[in-house]
Structures are given as C-alpha cells and as structure tokens.
Amino acid sequence: MTVTDAHGLEEAGQHGGGGTGLPDPMHQFEIKRLVELDVFGVDASFTNSGLFMVIAAVLITLFTLIAMRRRALVPGRLQSVAEVSYEFVANMVRDNVGTDGMKYFPFIFTLFMFVLALNMLGMVPYSFTVTSHIIVTFGLAAFIFIGVTLIGFWKHGIKFLKFFVPSGVPFIMLPLLVVIEVISYLTRPISLSVRLFANMMAGHTMLKVFGSFVVALGLLGGWAALAFMVAFTGLELLVAFLQAYVFAILTCIYLNDALHMH
Amino acid sequence: MPQLNPLDWAPQLIWLLLTFGILYLLMVFVALPRIGAVIDKRAAHIASDLASADKLRRETEEAIAAYEQALAEAKQKAHAIIDEGRAKLKKEIAAERAKLEKELAARSAEAEARIEKAKASAMKEVSAVAVDVASDIVRALIGTAPAKGDIENAVNAARKA
C-alpha cells in the first residue's frame with residue numbers, strides 16, 4: 001500500500017462510514033506517517049503512534065526528574081506520587097516474584113509506567129491510543145515471553161522443561177497434560193497482548209460510537225448519550241489503569257514461573 | 001481494522017523498541033536510583049531515629065533506676081542515723097534519770113534522818129514539858145510537888161498507854 005492509498009482510506013473513513021452517515025469509529029486507530037523514514041529498506045517512518053510513544057517516554061522522564069529534583073526527606077506532592085509509584089511496582093515485584101526478582105524491577109517499572117502513560121494519553125481527546133494496536137502490545141508481550149523463557153532456561157538449564165510436566169499425575173495422563181501445559185505456555189504472549197489491545201480498542205470504539213450518537217441525536221436525545229459517555233469515560237480511565245496493572249502483574253507472574261518454576 | 005495492516009507494523013515496532021529502550025535506560029540509570037536513594041535514606045533516617053529514641057529511653061530508665069537506688073540508700077541511711085540517735089538519747093536519758101534518782105534517794109534519806117532526829121528531840125522535849133506540866137498540876141491539886149522520878153515514870157506510863 002502506498003502513502004496515497006492510506007490517505008484515500010482515511011478520507012473514506014472520515015466521511016463515508018459505510019453509508020450510515022455516522023463517522024467511522026475505527027478511523028481513530030488509523031496510522032498516519034508524520035515523517036517518512038526508510039532505514040535499510042525497512043519502513044521506520046515516524047507515525048502518530050511513534051509520536052505518542054515519544055510523548056509518553058518524555059512525560060514519564062520529566063515526571064520522575066521534576067518529582068525528584070529536590071529529593072526531600074519529607075516529600076512534596078509530586079515526589080510522593082513518584083515514590084508511591086515506585087513502591088507500588090516494587091511491592092508488586094516483591095510479592096509476586098520475590099526479592100531475587102528485584103533485578104527485573106526497573107524493567108517492570110518501565111513497562112508499567114509506559115503502558116499506563118500510553119493508556120492514559122489515549123484518554124485525551126484527539127490523541128492516539130498506542131496500546132490499541134495489537135502489534136505494539138504483541139511486541140511487548142513477545143519480548144516478555146522470549147525474555148522470560150530465556151531467563152527460565154538460563155536459571156534452570158534443561159530442567160526448565162520440567163515446568164511443562166505437572167507433578168503428581170498418573171503417568172498415563174502425562175502426554176495429554178504436557179501438551180496442554182505447552183499450549184497454555186505458548187498462548188501466554190497472545191492472551192497478554194490481546195487482553196490489553198482488545199480492552200483499549202473496544203473502549204475507544206465505544207466512546208467514538210456514543211460520541212457520534214450525541215451529534216446524531218441532536219439537542220433532544222443527545223444528552224442521554226452524553227451522560228453515558230461521561231460515565232463510560234470514568235470506566236475507561238479505570239480500565240486504562242487496570243490494564244496497565246494487569247499487564248505488569250502478569251509479567252511478574254511469568255517471571256516468577258521462570259525463576260522459581262512451581 | 002487499521003490494526004491489521006502489516007505495512008504499519010514495522011514503524012510501530014521500531015519506534016516501540018526505540019522509545020521503550022531509551023525510557024528503560026533513563027529509568028535504570030537516572031530516575032529509579034534517585035527515587036530509591038531517597039526512600040532508602042528516609043528508611044535509614046527513621047531507623048536511626050528509632051534507634052536513638054530507644055537508646056535515650058534506655059538511658060532514662062537507667063537514670064531512674066539509679067536515682068531510685070540512691071533514694072532507697074539515703075532513706076536507709078537516714079533511718080540508721082535516726083535509730084542511732086534515738087538509742088544514744090535513750091541511753092543518756094536513762095543515765096541521767098538514774099543519777100537523778102540516786103541523788104533524790106540520797107536526799108530523801110538524809111531528810112528522813114533529819115526528820116527522825118527532829119522527831120526524837122521533839123519527843124524528848126515533849127516528855128520534859130509533860131513532866132513539868134504534870135508536877136505543876138499535881139502541886140496545884142495536892143499542894144506538894146511529887147518526886148521528879150515518880151512524875152517521869154507516870155508520864156512515860158501514860159504516854160505509852
């Protein structure tokens with residue numbers, strides 16, 4: 001697909017909407033190339049998605065730096081927030097992985113803050129929700145899956161394969177159970193990525209649909225849809241936090257499995 | 001669904017890797033050590049404060065114990081001094097009293113002796129007076145003075161009766 005094709009789709013999405021007269025709710029997920037880049041034949045264009053990733057990274061960095069600029073013994077408001085997020089993730093890692101998992105705390109912290117920032121940025125009107133793209137969540141999930149598997153083999157060697165052999169089951173059942181265990185292990189990156197992506201996409205599609213209802217129903221009926229949108233926005237803020245939390249805590253649990261088996 | 005366009009995947013993955021990688025490095029080397037250092041410093045501060053408070057409390061308890069011991073010792077000492085003083089005083093009083101009693105006894109004995117003597121001499125005089133009076137009465141009654149010896153015998157017999 002060329003760039004002009006993408007623009008053509010975009011135009012259709014904006015105004016066509018499948019002939020219903022309503023705006024296409026999927027239009028908000030469109031990837032727009034802001035700066036065309038081609039690195040060794042690979043499309044590395046700076047897109048709206050990339051822009052919001054950069055914004056999220058910059059916001060997190062600024063937040064931590066500004067919050068900790070005084071490094072007071074008695075923290076101010078912003079410093080308290082930074083410390084609370086630190087303790088929150090640190091406790092999450094300690095509780096779910098154990099003290100030997102604190103090596104991976106910086107990664108979990110970055111992951112949690114990054115996903116949280118991307119989810120929350122998506123709640124800003126006219127912004128782009130990076131985590132509503134399966135490729136982003138799957139990229140993160142696949143990285144975690146491969147990393148955790150490598151940690152498991154590095155830590156336990158070939159014995160890590162025992163992870164797929166449940167203990168205390170009749171020998172005759174083992175072939176079936178090992179297959180089930182392997183399948184459930186291999187589906188982890190898929191479930192992890194689809195959970196986040198589907199939640200974000202569904203929520204934002206819903207908001208868009210009801211947003212268009214507000215306009216379509218006009219001054220008389222639009223209020224009901226608007227009231228629903230207000231409530232639903234609150235729910236979406238909760239989901240944005242919860243999904244970042246779930247993503248981070250599942251990563252902790254996978255990490256715990258790799259470090260301690262079970 | 002725009003999410004399923006494979007042409008959009010490469011730029012997203014590349015920028016994900018870039019931004020997440022840089023953010024991770026920033027967190028590991030800049031942000032997290034700062035937050036962790038402050039939290040550790042606070043924990044150490046609180047721990048040392050608690051330790052010094054505990055030390056002070058123990059010192060206070062020791063001081064109180066020492067004070068109470070000193071107080072008990074002083075009380076004991078005071079009691080000893082009081083007892084000693086009382087015993088000494090008692091002894092002195094007893095000695096004084098004994099001395100006084102002895103003196104009084106001596107004096108009363110002396111006085112009794114004197115009274116006895118005075119009584120004896122008075123008695124002797126009474127006899128003489130009685131003899132004189134009797135001889136005068138007898139002379140007045142019978143006109144003659146009896147023998148002095150008879151009168152004396154009669155007076156003595158009458159006094160004895």
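This is a predicted model: local features need pLDDT of at least 70, side-chain atom pairs count only at pLDDT 80 or more; totals for chains, interfaces and linings use all residues.
Residues are numbered from 1 along each chain as its sequence is written, and chains are lettered from A in the order in which they are written. Local features need pLDDT of at least 70, side-chain atom pairs count only at pLDDT 80 or more, totals for chains, interfaces and linings use all residues, and side-chain values use heavy atoms, without hydrogens and water.

Me: How many charged residues are in the contact of helix 2 of chain A with helix 4 of chain A?
Reply: Contact means heavy atoms within 4.5 Å. Residues of helix 2 of chain A, including A:Phe52 and A:Phe63, meet residues of helix 4 of chain A, among them A:Met113 and A:Leu121. The contact divides into 13 nonpolar (Ala, Val, Leu, Ile, Met, Phe, Trp, Tyr, Cys and Pro), no polar (the others, Gly among them) and, for charged (Asp, Glu, Lys and Arg), none.

Me: What area do chain B and chain A bury between them?
Reply: In this interface, 33 residues of chain B are in contact with 48 residues of chain A. Buried area is the accessible area (1.4 Å probe) that two parts lose on being put together, summed over both. Of this area, 76% is on carbon and sulfur atoms, and the total is about 3,800 Å².

Me: Which residue of chain A forms a salt bridge with B:Asp8?
Reply: A salt bridge is a side-chain nitrogen of Lys or Arg within 4 Å of a carboxyl oxygen of Asp or Glu. The interface of chain B and chain A holds two salt bridges. In the one formed by B:Asp8, the closest N and O atoms are 3.0 Å apart, and the partner is A:Arg33.

Key: Helices (H or I, at least four residues) and strands (E, at least two) are DSSP runs, numbered from the N terminus.
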